[in-house]
Amino acid sequence: MSLHVKNLNLTVADGSTSRTLLNNISFDVRAGEVVGITGPSGSGKSTLLGVLGCLQRADSGSAVLGNIDLTAATSNKESAALRRTHLGIVFQQPNLLPSLKVLDQLLLIPRLGKILPPSRKENAKNTTKALDLLGSIGLGDLAYRKVGELSGGQQARVNLARALMNSPKLLLVDEPTAALDQHSAAEVTELILAMAHHYNAPTLYVSHDIEQIKTLDRQIELIDGRVQEIPSALIDS
Ligand SMILES: Nc1ncnc2c1ncn2[C@@H]1O[C@H](COP(=O)(O)OP(=O)(O)OP(=O)(O)O)[C@@H](O)[C@H]1O
């Protein structure tokens, strides 16, 4: 399914005046397409991801994923349910639990929002899924290692695998490579592209790292909360 963002606006109070963070933002992302979002610091990139990730509400406009309106949630509970069922979010700070094994870190995801522990059958199914996922991102051998013992690049992969545990229909990625060297950054970006294509999930990838952004399917620039789309010919030059 594709993402259609239409006329998103968000203005917040800023002392005695107000500040427009999102200014009539409209764009589409096709299923499986990875769109890089660049722009100066403070231009609204993380705010946009926050609105699409149901972490923040826009004042007006819509973001429709397939036939699901991500901006329609009216309570935190509804927003959390949308995130659990439809969204994969990769934050810059993974906030992984260092003492947990990699596999157990992933198995926390299907438990979110549930009171009862999973049945034996559910647990077996989730474990198979998590191990498959870890295998597909090159961490199969580390499933039983503690997260805190992994390198930064490996933790970034766990962060991605965790976001994919619910087979998201939209993937939102905020500065996934900021703490990585160029080699690890390129590997993580390649994986994000591969996974977005594999899950056919429209993906937004916010970054200041122009080397990584250049490898994505398309690029959008935000300036003062407004979209400026860059034609691919310019990205190549
Ligand atoms: N709730 C809020 N109230 C007031 N100002 C806010 C609020 N949320 C964000 N801002 C401000 O809005 C601007 C946009 O923030 P945002 O984090 O979206 O920018 P960004 O483009 O992601 O920046 P960076 O590249 O530095 O991460 C910033 O100046 C920020 O301080």
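In this predicted model, N200 sits in the loop that runs between α6 and β8 (203–206). Although N200 is not a glycine, its phi is positive, at about 55°, and with a relative accessibility of 41% the residue counts as partly exposed, because that value falls between the 20% and 50% cut-offs. Most residues other than glycine have a negative phi.

A positive phi also occurs at C54, where the angle is near 60° in a residue other than glycine. C54 belongs to the loop between α1 (45–52) and β4 (60–65), and its relative accessible area of 7% is under 20%, so C54 is buried.

| Residue | Relative accessibility | Class |
|---|---|---|
| C54 | 7% | buried |
| N200 | 41% | partly exposed |
| E190 | 58% | exposed |

E190 is placed in helix α6, which comprises residues 182–199. E190 lies 26 residues from L216 in sequence, while the C-alpha atoms of E190 and L216 are 8.8 Å apart in space.

R162 is buried but has no salt bridge, and D174, the nearest side chain of opposite charge, is 13 Å away. The side chain of R162 does make a polar contact with the side chain of N159, at 3.2 Å. Leaving aside residues up to four places away in sequence, R162 touches P94, N95, L96, Q105, L106 and I109.

Key: Residues are numbered from 1 along each chain as its sequence is written. This is a predicted model: local features need pLDDT of at least 70, side-chain atom pairs count only at pLDDT 80 or more; totals for chains, interfaces and linings use all residues. Side-chain values use heavy atoms; hydrogens and water are left out. Helices (H or I, at least four residues) and strands (E, at least two) are DSSP runs, numbered from the N terminus. Buried means under 20% relative accessible area, exposed over 50%, partly exposed in between (1.4 Å probe, protein chains only). Lys and Arg count as positive and Asp and Glu as negative; His and the chain ends are not counted. A salt bridge is a side-chain nitrogen of Lys or Arg within 4 Å of a carboxyl oxygen of Asp or Glu. A polar contact is a pair of N or O atoms within 3.5 Å; within protein, one must be able to donate a hydrogen and the other to accept it, and residues adjacent in sequence count only if both atoms are side-chain atoms. Contact means heavy atoms within 4.5 Å.
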